[in-house]
Amino acid sequence: MESAKISYEEFVSQIRCRLYQLIPEEVNMEVNPVIKNNSVHLDSLVLFRNDSNCSPSFYLQDYYEYYIQGSSIDRLTAQIYQKWQEFMENSPACIPDLSLENCRDFIIYRLINAEKNREILKTVPYIPFFDLAIVFYYLVHRDNDGIQSLRITNRIMEEWGLSTHELYQYAQVNTPCLFPKCFRSMNDFVNELELTSENVSEEDPASFSPYILTNSNGVNGAAAWLYPEALDDVAGCLNTNFYILPSSIHELLILPEHYKFSSSELLDMVQTVNRQCVDREEFLSDNIYLYHIEKKAIKMITAAE
């Protein structure tokens, strides 16, 4: 008979006890609360070696979910320790140089939901953008395994002697260079994933294909909306007004207006996908936006309208 699962608090306690049995004496352990995107609160476990002041973060809620799904505490503890060892073997011994001279070419921006990030926005420079907010990060490292970035806080901005507008100017140059815009049809995206025709609903007309706007990395790609001339380029391809649907913080769906969906239908579509398919941390907005190519203007459309 399967044994009953322990509580999250007891799980954290047992993970810490088992790690103390594995780590050397010169390694310290801390569990700190962190606020992620959309005010998702997580507990971050970090292991610090005396001769190093950098460490990966292990979010314990994620590991508790693995435990609930069947992984043993011993196995999860071993995974954490192994990943920490691999990080320490392949990473520098100290945090990166955070001087403006070193960071200026790697200041980038991202788009997040303003209402769900009120707590974070109290501590960081940002620019309001409809119901969203433009926030800034320093790109620490990027390789085939992913990216490491540091959220730019008010304190960091003040140490650099910059204004929010100056941060935006740097990011407006750097972000499109480091993460180029990627605009393609959903059909092209499906083909790239090598999906067969059996995977595509036969009810969808062949002529109907929404488009995806993201970046080359596919991570935090909704910010591609902000790139200079990005929407004009999309308009040039479609030659019509178009809706912008916030699929997630990672990408936007672009729908030509002539597809004849009503605003209410599109709002229902976005809200349904957000509730059923999008992780809390990756949510961007429940609203939609209409771009008018002649006016070069964006209108936000809400459920209230």
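1. Terms first. A residue is called buried when its relative accessible area is under 20%, exposed when it is over 50%, and partly exposed in between (1.4 Å probe, protein chains only). Helices (H or I, at least four residues) and strands (E, at least two) are DSSP runs, numbered from the N terminus.

2. Basis of the note. This is a predicted model, in which local features need pLDDT of at least 70 and side-chain atom pairs count only at pLDDT 80 or more, while totals for chains, interfaces and linings use all residues. Residues are numbered from 1 along each chain as its sequence is written, and side-chain values use heavy atoms, with hydrogens and water left out.

3. Overall content. The protein has ten helices and 13 strands. Of its 305 residues, 41% count as buried. A contact means heavy atoms within 4.5 Å. Among contacts with a separation of 6 or more, 62% are between residues 24 or more positions apart.

4. Helix α1. This helix covers residues 8-22, 15 residues in total, and spans 21 Å from its first C-alpha to its last, close to the 21 Å expected at 1.5 Å a residue. The expected span is 1.5 Å times one less than the number of residues. Its buried residues are Tyr8, Phe11, Val12, Gln14, Ile15 and Leu19. Seen down the axis of α1, these buried residues fall within an arc of 165 degrees, so they line one face of the helix. The arc is taken from the directions from the helix axis to the C-beta atoms. An α-helix has 3.6 residues a turn, so residues three or four places apart point the same way. On the other side of α1, Glu9 and Gln21 are exposed. The cover over the buried residues of α1 includes β1 (27-35), β2 (41-49), α2 (60-68) and α3 (73-90).

5. Two strands pair if DSSP finds at least two bridges between them. β4 and β6 (residues 132-143) are antiparallel and share seven bridges, and Ile112 has Ala133 in β6 as its bridge partner. β5 (residues 126-129) runs antiparallel to β6, with four bridges, and Ile127 stands opposite Ile134. The hairpin of β5 and β6 has two residues between the strands, and there Phe130 takes a positive phi near 55 degrees. β6 also pairs with β7 (residues 146-151) in the antiparallel sense, over six bridges, with Tyr138 opposite Leu150.

6. Asn117. This residue is in the loop between β4 (107-113) and α5 (118-121). Asn117 counts as buried because its relative accessibility is 0%. Leaving out residues up to four places away in sequence, Asn117 touches Lys36, Asn37, Asn38, Ser39 and Ile112.

7. The six-stranded sheet. An open sheet of six strands has the order β8-β9-β11-β10-β12-β13, with antiparallel pairing. β8 (181-185) and β13 (297-301) are at the edges, each with a single partner strand, so one side of each has no neighbour in the sheet. Neighbouring strands are turned by 25 degrees against each other on average, direction ignored. Within this sheet, β10 (residues 242-246) and β12 (residues 288-292) pair over three antiparallel bridges, and Tyr243 stands opposite Leu290 in β12.

8. Helix α10. Residues 263-276 form α10, which lies across β10, β11 (252-256), β12 and β13 and runs at about 20 degrees to β10. For such angles, axes are lines fitted to C-alpha atoms, for helices over the stretch in contact, and angles run from 0 to 180 degrees between N-to-C directions.

9. Asn241 lies between α9 (230-238) and β10 and is buried at 14% relative accessibility. Asn241 and His292 are 51 residues apart in sequence, yet 5.0 Å apart in space, C-alpha to C-alpha. Beyond four places in sequence, Asn241 touches Pro256, Glu257, Leu290, Tyr291, His292 and Ile293. Asn239 lies in the loop between α9 and β10; this residue is exposed at 63% relative accessibility and has a positive phi near 55 degrees.

10. Glu229. Its phi is near 70 degrees, a positive value in a residue other than glycine. Most residues other than glycine have a negative phi. Glu229 sits in the loop between β9 (211-215) and α9 and is exposed, with a relative accessible area of 52%.

11. Cysteines. A search of the whole structure finds zero disulfides, a disulfide being a pair of cysteine sulfur atoms within 2.5 Å. Cys17 is partly exposed at 44% relative accessibility, and Cys177 is exposed at 60%.
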